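Trainee: Please show me the structure that we are to discuss, and give me the terms as they are needed.

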Amino acid sequence: MAQTYNPAARRTRRADPIAGLRVAITGGTFGLGLALVREFVVRGARVAFVARDRARVERIATATGAFGIVGDVAGKEDIHPIAMQVVGLLGGLDLLINNASSLGSVPLRPLGDTDCEDLELALATNLVGPFRLTKALLGALAASAREGRGAVVLNVSSDAAINAYPGWGAYGVSKAALHHLSRIWQEEFATQGVRFLSLDPGDMDTPLHALAVPDADRATLKRPETAARELIAAATVALAGRSGRQRSRDGGGADAGVEVAAASG
């Protein structure tokens, strides 16, 4: 059962357009997710993050002032408790970031050698979990859009959703499906004010990347903090309701209805 940790909130910075934004982030205790939690909190947003490890959730909630929710997005039984806590703790929802990811098999292996259970885990975490959680939170997001606050779902994608890389089969298949899910929902909700983004943050120096490519030169990889700021810029522009062409000029990424774009533009 999903559980919540509720530390004292940090002081907000009202001059920042992020201040007061109600944000939910999955996979919030490592890598990009943790960088997003920290950046949003520093800039005055109200943040709820989700992760599986209770000890890490408690520690990061205490350190940042964000609301920590213990739960597994890959588990069907956790979705509604997570969604209820997100809305209850934040008083609504303006931005959902589906960031939690699974590589499937580790070390990476050809798709023909991938166990069915590893493929199922990648799909449950990277596709079905985001689908269920987004579906459970659509009412809150639509309400935010009606109130004029804006409403955005940002699905963290990968160039593996577009390009076929040997060994990345389970991950690539699941991310490709998530990207297309984003495009479909963008079309279906185009008139209801809820916007969907599918963005690739690029190759980052994260625990997930280290698992996938243990011999990678970390000096060549993007810092998660940099990627977090780029994704936040894209989400901020989308919340303001500007067109995809304007977002491209601003360097904030692309609409979910076009190809996966690097968050740096």
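Mentor: A crossing is right-handed if the near helix is turned clockwise from the far one by less than a right angle, and left-handed if anticlockwise. This is a predicted model, in which local features need pLDDT of at least 70 and side-chain atom pairs count only at pLDDT 80 or more, while totals for chains, interfaces and linings use all residues. Residues are numbered from 1 along each chain as its sequence is written, and side-chain values use heavy atoms, without hydrogens and water.

Trainee: In which hand does H1 pass H7?

Mentor: Helices here are DSSP runs (H or I, at least four residues), numbered from the N terminus. H7 covers residues 224-240, and H1 covers residues 31-42. The crossing of H1 past H7 is right-handed.

Trainee: How are H1 and H7 oriented to each other?

Mentor: Their axes (lines fitted to C-alpha atoms over the stretch in contact, with angles from 0 to 180 degrees between N-to-C directions) come within 8 Å and cross at roughly 60°. Angles under 35 degrees count as roughly parallel, over 145 as roughly antiparallel, 65 to 115 as roughly perpendicular and the rest as oblique. The orientation of H1 and H7 is therefore oblique.

Trainee: How many nonpolar residues has the contact of H1 with H7?

Mentor: Contact means heavy atoms within 4.5 Å. On the H1 side are Gly 31, Leu 32, Ala 35, Leu 36, Glu 39 and Phe 40, which meet Pro 224, Glu 225, Ala 227, Ala 228, Arg 229, Leu 231 and Ile 232 in H7. Ala, Val, Leu, Ile, Met, Phe, Trp, Tyr, Cys and Pro count as nonpolar, Asp, Glu, Lys and Arg as charged, and the others, Gly among them, as polar. Beside 1 polar and 3 charged residues, the number of nonpolar residues in this contact is 9.

Trainee: How are H1 and H2 oriented to each other?

Mentor: H2 spans residues 54-64, and its axis lies 11 Å from that of H1, at an angle of about 25°. H1 passes H2 in a right-handed crossing. The two helices are therefore roughly parallel.

Trainee: How many charged residues has the contact of H1 with H2?

Mentor: From H1 come Leu 34, Val 37, Arg 38 and Val 41, and from H2 come Arg 56, Ile 60 and Thr 64. With 4 nonpolar and 1 polar in this contact, the number of charged residues is 2.

Trainee: Which residue is joined to Pro 107 by a cis peptide bond?

Mentor: Most peptide bonds are trans. Pro 107 sits in the loop between strand S5 (95-98; a strand is a DSSP run of E, at least two residues) and H4. With omega about 0°, the cis bond joins Pro 107 to Val 106.
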